[in-house]
Amino acid sequence: MNPKTRLNLITDIALHLQSEYNTSGINLLLAGYGIKTEDVSIVNSKRIYVIDLLKSEPSEVIIKIAQDLELNIPEYKMPETKEPKANIEKKIFISHSSKDAKIVEQVIEILEGIGVQSNKIFCTSFEGYGIGLGEDFLQTIKNELNNEVLVLFILSQNFYNSPVSLCEMGATWVRTSEHIPILIPPFNYSDIKGVIPNTQGMKIDDKAKMNSLKEKVESFLSINPINFSAWERKRDNILTAIKNILEKNESKPHASDKPQTIKNKETNGVNSDQDSLIKELSKKEWPDDFEMQIHYIEKQRAAVEALKNHNPKDIEKAQFEKIRKQAKIEWPQDFEMQLHYEEKQVNSLRKLKNI
């Protein structure tokens with residue numbers, strides 16, 4: 001693609017995103033393609049912001065974004081993979097948050113119950129299915145992904161709260177062509193954001209869809225179907241295990257489940273000044289989207305509570321106080337980003353101690 005055509009396409013993408021999304025929505029969408037975004041919720045010009053983010057990205061990524069946005073694209077031939085297709089081994093890649101490991105373990109049980117061999121499953125959270133000791137995480141994922149991989153997106157709020165999961169989403173979306181969204185209740189189809197479509201998906205506890213998944217996997221990997229009675233027994237046992245996990249998750253308190261009475265006044269330890277600021281910013285960011293206002297308020301309140309409890313014992317007090325002070329300077333009005341910054345810095349300190 002020549003430079004002029006490339007610039008025109010980037011500009012078209014920027015204009016489209018400017019008209020359709022706020023800054024936070026743009027960040028979430030582009031993160032889905034593995035693009036590093038800025039930690040901001042408001043910018044002077046969304047168009048210029050998008051152009052700056054995209055100008056250094058590979059043409060393949062620009063083309064993919066434009067295709068997904070259904071924009072007019074000049075004739076452009078995507079480069080072919082250097083490895084012959086005949087030598088590429090079909091696999092199933094499970095993209096997920098590590099916090100959903102219990103559910104993901106049941107997904108592996110489903111696949112193996114269908115007849116998928118363990119070496120055909122790539123899943124980073126479990127030994128023997130993912131990345132070997134000492135291997136580079138992102139590079140290994142990139143090496144595993146190609147058009148002969150079926151991606152199972154295990155979607156939950158944990159997934160969208162994880163920068164690593166969003167990075168995986170971008171890498172898999174650009175490099176693979178077959179995807180199945182699998183939702184963990186109470187996460188719903190209306191909660192799906194980013195590049196993943198909400199069509200042709202399923203909920204993890206849907207028996208009928210489980211049968212459809214079986215047929216899809218069998219067809220994709222050319223597996224001979226197992227005896228259906230044996231499959232039904234395995235499927236029902238796994239669904240029972242999934243139900244138990246979901247019920248335990250539901251029994252845990254959530255900010256959105258708390259009654260709007262005294263507990264709401266306490267707001268998980270959010271004082272009145274913080275709560276007023278959170279509500280004010282939610283209205284400013286999403287003046288016409290009340291659902292997003294509620295989502296923003298709940299996330300910020302939860303972050304305030306997490307910040308109160310974030311006190312790593314293995315980090316020197318002076319070092320941690322310095323990190324916390326810097327977090328407040330960088331994001332004085334964004335408690336979620338303060339928490340993210342603290343956690344990233346603390347983890348980096350731990351790694352430094354082991355170098």
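Me: Buried means under 20% relative accessible area, exposed over 50%, and partly exposed in between (1.4 Å probe, protein chains only). With that settled, how many residues of strand S3 (residues 149-155) are buried?

Reply: A word on the model: it is predicted, with local features needing pLDDT of at least 70, side-chain atom pairs counting only at pLDDT 80 or more, and totals for chains, interfaces and linings using all residues. Residues are numbered from 1 along each chain as its sequence is written, and side-chain values use heavy atoms, leaving out hydrogens and water. Strands (E, at least two residues) and helices (H or I, at least four) are DSSP runs numbered from the N terminus. On one side of S3, Val149, Val151, Phe153 and Leu155 are buried, and on the other Leu150, Leu152 and Ile154, giving a buried count of seven of seven.

Me: Which residue of S4 is the bridge partner of leucine 150?

Reply: Strands pair if DSSP finds at least two bridges between them. S3 pairs in the parallel sense with strand S1 (residues 91-95) over five bridges, and phenylalanine 93 stands opposite valine 151 there. With strand S4 (residues 178-183), S3 also pairs in the parallel sense, over six bridges. In S4, leucine 150 has as its partner glutamate 178.

Me: Which residues form the aromatic cluster?

Reply: Rings of Phe, Tyr and Trp (its six-membered ring) pair if their centres lie within 6.5 Å, with planes under 30 degrees apart counting as stacked, over 60 as edge-to-face and the rest as tilted. The whole structure has four aromatic pairs; one of them joins phenylalanine 153 and phenylalanine 159, edge-to-face at 6.4 Å centre to centre and 90 degrees between the planes. Phenylalanine 159 and tyrosine 160 have centres 5.6 Å apart and planes at 70 degrees, so this pair is edge-to-face. The cluster consists of Phe153, Phe159, Tyr160 and Phe187.

Me: Is lysine 214 buried or exposed?

Reply: Lysine 214 lies in helix H9 (residues 207-221). Leaving aside neighbours within four places in sequence, lysine 214 is in contact (heavy atoms within 4.5 Å) with Ile114, Pro225, Ile226 and Trp231. Its relative accessible area is 5%, so lysine 214 is buried.

Me: At what angle do helix H14 (residues 317-330) and helix H15 (residues 335-354) cross?

Reply: Axes are lines fitted to C-alpha atoms, for helices over the stretch in contact, and angles run from 0 to 180 degrees between N-to-C directions. The two axes come within 9 Å and cross at roughly 145 degrees.
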